[in-house]
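Student: Could we go through this structure together, one question at a time? I would like to see how each answer is reached.

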Amino acid sequence: MKTKELHVQGVPVSEIAEEFGTPLYIYDADVLRSVYQRLRDLLHPAVDIFLSLKANPNVSVCSYLGSLGAGAEISSMVELLTAQRAGIAPEDIIFLGPGKTPAELEACVAAGIHAIVCESLEEVLQLERIAVETGRAQVPVLLRINPDFHTKGSGLSMGGKPRQFGMDVELLRRSREVLDGLDRVHVRGIHVYMGTRFLNADDLVHNTRQILATAQDLSGQLGIPLETVDFGGGFGVGYFDNESDLDIERTAAGINEVVAPFAEAHPGCRLINELGRYLTAWCGTYVVRALYVKESQGEQFVVADGGTNHHMAAVGIGSFVKRNFPIRSLTRYADEPVGTYTLTGPLCTPNDVIGKKVALPAVEPGDLLGVERSGAYGPTASPGLFLSHGFPAEVLVHDGMPHLVRERDRVEELLVKQRLVDFK
């Protein structure tokens, strides 16, 4: 019987690979829509969902989520231009990050975005100067707060210890005189981001409760309105065998229970939940083609045409123990595993291991293999220029039609920016 391969919206993965080449990322728009819509249906209507572009900055991915109702949280000049080209309205864009350049601040002011998230009082004062110099009557900002409560359950904590991000609550409480002296900068609320990869609903509910309480407390102490409160995001995705996926129904129900009385007490306040990984991870598959299958000291290796240069997240950076993302044979998608293979890429480093001892059906040269749940932090968090291989193609499948949404880097393009010195 013929082995059944993976189909994406009815399109065989082999056809996509043949048309666009490998390695490549495939994004399924149906999955993007279902994840967003499910979350939108579950969350309190007072909560706006923003895509954090750092997770997946592809302009078509951003545009599609924007068409569904998502705003954009950005952190660079290119991400600002991406959000604009994707059709995200200025009032649905916020810009954050600890090291904004004057050019980025000026671009945000000119674009009239919803808010610039200030990470220090110095940044607030710099915006005051920019507003005066450009004749801008009002520049809206959020103050990013490092709260004085602790969180737990995060894969990467952003609060409770010294950080380059935001302003400590205690420092801010002593700074009302500075805020009262602002003329052009309008502080419209606060922003708090506690961490990422939360997989326990109780942790997210706890964070939301504490953040909203802190916002209300600071509003009174500092005399700032609560027009907007961004209570972060950090919804996790289970990648590894010992992890369970976040119970999104329980998470949303708990957050709604906290949000409802706050929204009633502050009916004009915009609440923002910024999500990157949770919105985009599920839709993506990193597809590589097996070049060789070999044995070394009793271990089976598959050497593929793509590796950690395109998917550094699969290495398990930050983890003491290497664990595998979910990896499947796309060529033999319906077949049961018959053995274990270590999946590696083409790089000249022993660290180029995408999956260690992965249970797979028989693998032959030419087979397509896929790293699933890879729609977040793929190319954006990978050293694509290592060994000058360049970045892979990206394809979005929408309404049964594959669309090339990023061309792969080509040899001549990788060399065009280099300059050869004449040493004669």
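Student: Is C348 buried or exposed?

Tutor: This is a predicted model, in which local features need pLDDT of at least 70, side-chain atom pairs count only at pLDDT 80 or more, and totals for chains, interfaces and linings use all residues. Residues are numbered from 1 along each chain as its sequence is written, and side-chain values use heavy atoms, with hydrogens and water left out. Buried means under 20% relative accessible area, exposed over 50% and partly exposed in between, using a 1.4 Å probe and protein chains only. C348 has a relative accessible area of 72%, so C348 is exposed.

Student: And which cysteine sulfur is closest to that of C269?

Tutor: C269 itself is buried, at 10% relative accessibility. A disulfide here is a pair of cysteine sulfur atoms within 2.5 Å. The closest cysteine sulfur to that of C269 is 17 Å away, too far for a bond, and it belongs to C118.

Student: How many disulfides does that rule give?

Tutor: A disulfide is a covalent bond between the sulfur atoms of two cysteines. Applied to this model, the rule gives a count of 0.

Student: Which element gives the most to the lining of the largest cavity?

Tutor: The lining has 15 residues, with L204, N207, F231, G232 and G233 nearest the centre. Helices (H or I, at least four residues) and strands (E, at least two) are DSSP runs, numbered from the N terminus, and at least two lining residues come from each of α9 (201-222) and β13 (228-233). The element giving the most, with 4 residues, is α9.

Student: How many charged residues are in the lining of the second largest cavity?

Tutor: That cavity has a volume of about 50 Å³, and R136 and Q138 are among its lining residues. In the classes used, Ala, Val, Leu, Ile, Met, Phe, Trp, Tyr, Cys and Pro count as nonpolar, Asp, Glu, Lys and Arg as charged, and the others, Gly among them, as polar. The lining divides into 6 nonpolar and 2 polar residues, and the charged number 1.

Student: Which element gives the most to the lining of the second largest pocket?

Tutor: About 460 Å³ of space lies in this pocket. Of its 21 lining residues, P57, N58, V78, E394 and R406 are the closest to the centre. Two or more lining residues come from each of α4 (77-85) and β22 (401-406). With 4 residues, the element that gives the most is α4.

Student: Why do the buried residues of α4 line one face of the helix?

Tutor: The buried residues of α4 are E79, L80, T82 and A83. Taking the directions from the helix axis to the C-beta atoms, these residues line one face because they fall within an arc of 160 degrees.

Student: Which residues are exposed on the other side of α4?

Tutor: The cover over the buried residues of α4 includes α3 (59-68), β5 (71-74), β6 (93-95) and α5. On the other side of the helix, the exposed residues are V78 and R85.

Student: Is Q297 buried or exposed?

Tutor: Q297 has a positive phi of about 50 degrees although it is not a glycine. Its place is in the loop between β15 (284-296) and β16 (299-304). The relative accessible area of Q297 is 85%, so Q297 is exposed.

Student: And R197, buried or exposed?

Tutor: R197, in the loop between β12 (195-196) and α9, is a residue other than glycine with a positive phi, near 65 degrees. Its relative accessibility is 15%, so R197 counts as buried.

Terms used: 1 Å grid on protein atoms, 1.4 Å probe; cavity = no way out; pocket = protein on both sides within 12 Å on 5 of 7 lines; lining within 4 Å. Points joined across faces, edges and corners; volume = space filled by probe spheres on them. Contact = heavy atoms within 4.5 Å.
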